[in-house]
Amino acid sequence: DSAIDEALDQNSTLTWRLQGWQVLLSRAIDEGPVVWAFGSGFGVSYERQLGYSTVTVSPHNLYIELFVNAGLLGVGLLLWFQIRTVRLLYVSANADNPDLLDRRSAIAMMATLMIFSIPYSPSLEQSIWLGALAAMASATLKARAPETAVAARFA
């Protein structure tokens, strides 16, 4: 009960995160279509007023942080990369090549990183894992017979 009550309390981290996301999104949307598409650029201020406090740190949401910095283009590229990596891992999970990668665990890890990006902004370590997962997924497809790999890419 206390875990549920804390999340719904007015002073919970969920409350201030949602308020902060709303402030940052409203500001970006008010700046117009160019900012929607391309963002305000890296190094933009995350300063926002929450209650009686001024918050200047990251928004604790990778997708919102990327939208503020790189617009829909940046968010779209990240989502494309993540979905493409999961798809490659899934396709390779059904391959007859169990030696290269524990694919189902890699899919679970990728999904965890995608969900982790909602309440937090991942650090460099998570970026390294994303790159490693994408490389392993791609290498797994290349290790299969060439005609199967080509067919899988167009499926």
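Helices (H or I, at least four residues) and strands (E, at least two) are DSSP runs, numbered from the N terminus. By that definition the protein chain holds seven helices and two strands, and M136 has its place in helix α6. This is a predicted model, in which local features need pLDDT of at least 70 and side-chain atom pairs count only at pLDDT 80 or more, while totals for chains, interfaces and linings use all residues. Residues are numbered from 1 along each chain as its sequence is written, and side-chain values use heavy atoms, with hydrogens and water left out.

**Confidence**

- The protein chain has a mean pLDDT of 75 (pLDDT is the predictor's confidence in each residue, from 0 to 100), and 73% of its residues reach 70 or more.
- Confidence is lowest in helix α7 (residues 146-153), where the mean is 52, and highest in helix α3 (residues 33-38), where it is 92.
- Where pLDDT is low, the predicted coordinates should not be read in detail.

**Overall layout**

- Along the sequence, the elements of the protein chain follow the pattern α-α-α-β-β-α-α-α-α.
- The protein chain has 155 residues, of which 34% count as buried; buried means under 20% relative accessible area, exposed over 50%, and partly exposed in between (1.4 Å probe, protein chains only).
- Among contacts in the protein chain with a separation of 6 or more, 60% come from residues 24 or more positions apart; a contact means heavy atoms within 4.5 Å.

**Nonpolar cores**

- A nonpolar core is a set of buried Ala, Val, Leu, Ile, Met, Phe, Trp, Tyr and Cys residues joined through side-chain atoms within 4.5 Å.
- The largest one has nine residues, namely A28, V35, L62, Y63, L66, F67, A70, V75 and L78.
- Helix α4 (residues 62-93) gives the most to this core, with seven residues.
- Apart from this core lies another, of eight residues, including M110, L113, L133 and A137.
- F67, a member of the largest core, is in contact with L25, A28, W36, G39, L72 and V75, leaving aside its neighbours within four places in sequence.

**Helix α2**

- Helix α2 (residues 13-30) has 18 residues, which at 1.5 Å a residue should span 26 Å; its end C-alpha atoms are 26 Å apart, so the two values agree.
- The expected span of a helix is 1.5 Å times one less than its number of residues.
- Buried residues of α2 are T15, R17, G20, W21, L24 and A28.
- After α2 comes G32, with a positive phi near 105 degrees.

- Q82 lies in helix α4 and is buried, because its relative accessible area is 1%.
- The side chains of Q82 and Y63 are joined by a polar contact of 3.4 Å; a polar contact is a pair of N or O atoms within 3.5 Å, where within protein one must be able to donate a hydrogen and the other to accept it, and residues adjacent in sequence count only if both atoms are side-chain atoms.
- Not counting residues up to four places away in sequence, Q82 touches Y63, M110 and M114.
- E65 is also found in helix α4, and E65 counts as buried because its relative accessibility is 17%.
- Contacts of E65, leaving aside its neighbours within four places in sequence, are with Y46, S58, P59 and S121.
- H60 lies in the loop between β2 (53-55) and α4, and its phi is near 60 degrees, a positive value in a residue other than glycine.
- H60 counts as partly exposed, because its relative accessibility is 22%.

- R103 is found in helix α5 (residues 103-116) and is buried, with a relative accessible area of 6%.
- R103 and L133 are 30 residues apart in sequence, and their C-alpha atoms are 9.4 Å apart in space.
- A135 lies in helix α6 (residues 124-143) and counts as partly exposed at 47% relative accessibility.
- A135 and T85 are 50 residues apart along the chain, and 8.8 Å separates their C-alpha atoms.
- M136 is partly exposed, because its relative accessible area is 32%.
- M136 and L88 are 48 residues apart in sequence and, C-alpha to C-alpha, 9.3 Å apart in space.
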